[in-house]
Amino acid sequence: MAMIKCPECGKDVSSKASACPGCGSPVGMKSGPFGGHEKGVTVRPGFWHDRNVGAIGFLILFIVLIFIAGRLLVVYGGFGK
């Protein structure tokens, strides 16, 4: 079992560890040629996985639908006339 340096905080971490115990940063994994993982380099999630893009998109869609429904109510005179 070798010790490697955490790329985020610089602390020594076991090469068998999947994350640094000090800062929680993923360590010791890299993508293999067929999608597997090999020891060595940190793999970080992409831009879309880091953020709650799905939740933000859903919120924007919800707001737009509420706006459209409100405009339709104004144009067509409200509920059940």
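## Surface and burial

Accessible areas come from the Shrake-Rupley method with a 1.4 Å probe, and for residues only the protein chains shown count as cover. The protein chain exposes about 6600 Å². Carbon and sulfur atoms supply 66% of that area. This is a predicted model: local features need pLDDT of at least 70, side-chain atom pairs count only at pLDDT 80 or more, and totals for chains, interfaces and linings use all residues. Residues are numbered from 1 along each chain as its sequence is written, and side-chain values use heavy atoms, leaving out hydrogens and water.

Of the 81 residues in the protein chain, 11% are buried (buried is under 20% relative accessible area, exposed over 50%, partly exposed in between; 1.4 Å probe, protein chains only).

## Fold

The protein chain has two helices and four strands (DSSP runs numbered from the N terminus: helices are H or I, at least four residues; strands are E, at least two). Along the sequence the pattern is β-β-β-β-α-α.

## Nonpolar patch

Ile-56, Ile-60, Leu-61, Val-64, Leu-65, Phe-67, Ile-68, Leu-72, Val-75 and Tyr-76 make a nonpolar surface patch of about 1000 Å². Patch residues have over 30% relative accessible area and no salt bridge; like charges are joined within 9 Å, nonpolar side chains (Val, Leu, Ile, Met, Phe, Trp, Tyr) within 5 Å. A salt bridge puts a side-chain nitrogen of Lys or Arg within 4 Å of a carboxyl oxygen of Asp or Glu.

Ile-68 lies in helix H2, residues 53-76. Ile-68 is partly exposed, at 41% relative accessible area.

## Cysteines

The whole structure holds zero disulfides (a disulfide is a pair of cysteine sulfur atoms within 2.5 Å). Cys-6 is in no disulfide; its nearest cysteine sulfur, that of Cys-23, is 3.6 Å away. Cys-6 is buried, at 4% relative accessibility. Cys-23 is partly exposed, at 39% relative accessible area.
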